[in-house]
Amino acid sequence: MDQKLSPEIDLFKKRFRDFLESEAELNGKLLVRELIFRFATVQFRDTHGFTAGKVEYIAKVFDEAQAEFGNIFEEFAVFCIENGFDETFINSEIKEWLTEISEKMELEKAED
């Protein structure tokens with residue numbers, strides 16, 4: 001990673017973490033786990049390291065969470081592309097962040 005871009009990229013990581021922690025407080029860790037699992041299914045085409053939340057949820061609530069998560073991801077991806085990074089970099093960063101955030105939030109142990 002380009003060291004001069006590190007502070008900006010770190011801000012995106014913080015935004016993801018803050019958003020996911022906020023969603024967990026509002027709607028539970030299982031919903032966040034499901035959100036990450038579905039993102040991994042689509043973006044990475046690989047869910048290794050992530051499991052489904054297996055939770056009943058209100059579709060509107062989940063859709064709003066997905067939309068916000070998607071907006072943050074899109075801003076991050078655009079930022080990266082504009083600064084010369086490719087899809088491989090984008091996906092590897094996001095996967096690393098989501099794994100780290102999931103572990104810190106103990107999402108795999110969640111039984112809301």
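**How the helices pack**

Colleague: Is the crossing of α1 and α4 left-handed or right-handed?
Modeller: Helices here are DSSP runs of H or I with at least four residues, strands are E runs of at least two, and both are numbered from the N terminus. A crossing is left-handed if the near helix is turned anticlockwise from the far one by less than a right angle, and right-handed if clockwise. For α1 and α4, the crossing is right-handed.

Colleague: What kind of model is this?
Modeller: Residues are numbered from 1 along each chain as its sequence is written, and side-chain values use heavy atoms, with hydrogens and water left out. Local features need pLDDT of at least 70, side-chain atom pairs count only at pLDDT 80 or more, totals for chains, interfaces and linings use all residues, and the whole thing is a predicted model.

Colleague: What word describes how α1 lies to α4?
Modeller: Axes are lines fitted to C-alpha atoms, for helices over the stretch in contact, with angles from 0 to 180 degrees between N-to-C directions. Under 35 degrees is roughly parallel, over 145 roughly antiparallel, 65 to 115 roughly perpendicular, and the rest oblique. The axes of α1 (residues 6-27) and α4 (residues 87-104) come within 11 Å and cross at roughly 45 degrees. That makes α1 to α4 oblique.

Colleague: And what about α1 and α3?
Modeller: Here the axes come within 10 Å, crossing at roughly 175 degrees. So the word for α1 and α3 is roughly antiparallel.

Colleague: How many nonpolar residues are in the contact of α1 with α3?
Modeller: Contact means heavy atoms within 4.5 Å. On the α1 side, F12, F16 and F19 are among those involved, and α3 brings residues including F69, F73 and F76. Ala, Val, Leu, Ile, Met, Phe, Trp, Tyr, Cys and Pro count as nonpolar, Asp, Glu, Lys and Arg as charged, and the others, Gly among them, as polar. Besides one polar and five charged residues, the nonpolar ones number twelve.

Colleague: Which helices do the buried residues of α4 pack against?
Modeller: Buried is under 20% relative accessible area, exposed over 50%, partly exposed in between (1.4 Å probe, protein chains only). In α4, the buried set includes F89, W97 and S102. Their partners are α1, α2 and α3.

Colleague: How far does α4 reach from its first C-alpha to its last?
Modeller: An expected span is 1.5 Å times one less than the number of residues. With 18 residues, α4 is expected to reach 26 Å, and its actual reach is close to that, at 26 Å.
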